[in-house]
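Welcome to this short briefing on a protein structure. Please take a look at the sequence and the model, then follow the points below topic by topic.

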Amino acid sequence: MNEQALKEFLYKMADDTLIIGHRNSEWTGMGPILEEDIAFSSMAQDQIGQSLALFTLLHQLGEQEPDTVAFMRNANQFHNCILTELPNQEYDFSIVRHFLYTTSATLRWDMCTHSSYEPLAQLAKKVKGELRYHSLHARTWIQQLGSATEESISRLQRSLELAMPYALGIFEESPFEKELVAQHIFEGEKRLMEKWLSAIEEVLGKTQLVIPDLKLIQPVLGGRKGQHSEHLQPLLDEMSEVFRTEPGAEW
Amino acid sequence: MFDSKQILEWLEEVKDPEIPVLSLVDLGVITRVEFKENKWFVDMTPTFVGCPAMDYMKQDVERVLQEHGIKDFEVRVTLADTWNSDKISEKGRLALKQFGLAPPPGLSTLIDDLSILEHVACPRCNGTHTELRSPFGSTLCRSIHYCHECKEAFEQMKPLGHD
Ligand SMILES: [Zn+2]
């Protein structure tokens with residue numbers, strides 16, 4: 001097995017999960033209603049646990065301790081897609097981002113249940129069950145708000161247009177795409193994107209929302225190579241500050 | 001010399017800190033107790049990957065083993081035999097209900113759109129005139145429901161599995 005390809009793949013999954021988990025945790029105490037507060041906090045807790053599990057796999061492959069890798073790297077060493085690091089903004093943007101991201105993550109983990117790298121396949125089986133609830137949550141809100149009032153529809157539509165170029169950046173190809181596919185570690189970003197498109201079309205088709213014409217969108221790339229927006233470093237500083245002041249704290 | 005049955009009995013005293021009436025054995029979190037190469041191995045698996053109580057429960061298992069005079073042991077957390085909500089024993093399901101938490105429906109009925117969460121039997125009145133309020137509750141493994149008979153909210157230990 002090409003270990004470099006595998007590690008690169010695990011890092012990008014772990015970083016996506018950790019960063020979106022941190023953003024979701026920022027809704028704690030800020031949600032528009034109590035249920036949403038709890039939902040985003042719970043999803044954050046799931047995601048941070050899942051990222052820790054991925055960093056543990058990396059540690060078993062010879063990388064540094066999970067805490068060190070999670071909290072001691074700089075922005076240019078992170079491989080998360082830029083979508084995950086964007087600030088939460090208003091609730092409509094967060095829910096649209098959550099929907100676009102979670103749909104991709106659910107499909108990615110599902111594909112990982114067939115990975116030739118057995119520890120990942122095992123973890124994926126577990127995580128898949130958890131993500132079902134994240135998907136359910138995202139779909140429910142998109143379907144409700146996306147067919148409710150004129151205002152909620154137009155706000156969601158605006159957020160969808162804003163998020164879409166970044167969402168396409170989820171599927172930025174890795175330099176090891178061929179190796180990952182050939183060694184059956186992962187079926188590849190192209191395949192994932194196809195599945196993702198048909199999944200989001202299915203949900204959005206039940207609403208008044210319109211998917212922007214993808215041919216006219218320039219995907220925002222770079223995250224997978226460590227080229228990030230200005231929003232990532234402040235997030236990392238905040239995350240590691242909590243870690244540095246309480247080493248060994250539950251996170 | 002003791003056997004694994006004896007050890008499982010001792011481990012009955014370790015409870016899930018979030019549901020103090022439910023032992024880890026009944027929850028299905030203890031997946032294996034085995035004597036190998038002069039050493040006892042106890043395997044545990046998390047209900048949710050991010051379960052914050054896992055470290056605490058592991059320490060509790062270690063404490064119980066020590067208190068019963070077992071010297072050579074290793075408690076491992078593993079995903080080799082993953083947890084799903086069907087692993088909760090009958091005794092465990094009853095304990096959940098008495099605690100006021102609806103036990104999870106069997107996974108054979110878990111369909112993909114999770115509409116099964118819509119008419120969960122209320123742990124108070126057993127009625128099914130209930131609705132899902134949120135798939136996320138006060139802990140990772142719970143969902144929030146509302147009973148139209150009792151006119152009160154309740155929580156369920158939600159079904160979790162993989163197909
Ligand atoms: Zn009732």
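Let's begin with one residue: A:Asp92 counts as buried because its relative accessibility is 14%, where buried means under 20% relative accessible area, exposed means over 50%, and partly exposed lies in between (1.4 Å probe, protein chains only). This is a predicted model, in which local features need pLDDT of at least 70 and side-chain atom pairs count only at pLDDT 80 or more, while totals for chains, interfaces and linings use all residues; side-chain values use heavy atoms, with hydrogens and water left out. Residues are numbered from 1 along each chain as its sequence is written, and chains are lettered from A and ligands numbered from 1 in the order in which they are written.

**Around A:Asp92**

- You can find A:Asp92 in helix H5 of chain A; helices (H or I, at least four residues) and strands (E, at least two) are DSSP runs, numbered from the N terminus.
- Beyond its neighbours within four places in sequence, A:Asp92 touches A:Arg155, A:Leu156 and A:Ser159, with contact meaning heavy atoms within 4.5 Å.

**Chain A as a whole**

- Along the principal axes, the C-alpha atoms of chain A fill a box of roughly 55 × 45 × 30 Å.
- Of the 251 residues in chain A, 59% are buried.
- Among contacts in chain A with a separation of 6 or more, 81% come from residues 24 or more positions apart.
- Chain A has an accessible surface of about 10600 Å², and 53% of that belongs to carbon and sulfur atoms; such areas come from the Shrake-Rupley method with a 1.4 Å probe, and for residues only the protein chains shown count as cover.

**Aromatic pairs**

- Over all chains, a search of the whole structure finds seven aromatic pairs; rings of Phe, Tyr and Trp (its six-membered ring) pair if their centres lie within 6.5 Å, and planes under 30 degrees apart count as stacked, over 60 as edge-to-face and the rest as tilted.
- A:Tyr91 and A:Trp141 make an edge-to-face pair, because their planes are at 85 degrees, with the ring centres 6.2 Å apart.
- This pair links distant parts of the chain, 50 residues apart: A:Tyr91 belongs to helix H5 (residues 91-112) of chain A and A:Trp141 to helix H6 (residues 118-145) of chain A.
- A:Tyr91 is buried, at 14% relative accessibility.
- In chain B, B:Phe35 and B:Trp40 form a tilted pair, 5.0 Å centre to centre with 55 degrees between the planes.
- B:Phe35 is partly exposed at 39% relative accessibility, whereas B:Trp40 is buried with a relative accessible area of 6%.
- One aromatic cluster is formed by A:Trp27, A:Phe40, A:Tyr91 and A:Trp141.

**Charges over rings**

- The charged end of B:Lys36 sits over the ring of B:Phe41, 5.4 Å from its centre; a charge sits over a ring if NZ of Lys or CZ of Arg is within 6 Å of the ring centre and within 35 degrees of the ring normal.
- B:Arg133 lies over the face of B:Tyr146, at 4.4 Å from the ring centre.

**A sheet in chain B**

- Four strands of chain B form an open sheet with mixed pairing, in the order E6-E9-E8-E7; two strands pair if DSSP finds at least two bridges between them.
- Strand E6 (101-102) and strand E7 (130-134) of chain B are the edge strands, each pairing on one side only.
- E7(B) pairs with strand E8 (residues 142-147) of chain B in the antiparallel sense, over four bridges.
- B:Thr130 stands opposite B:Cys147 in E8(B).
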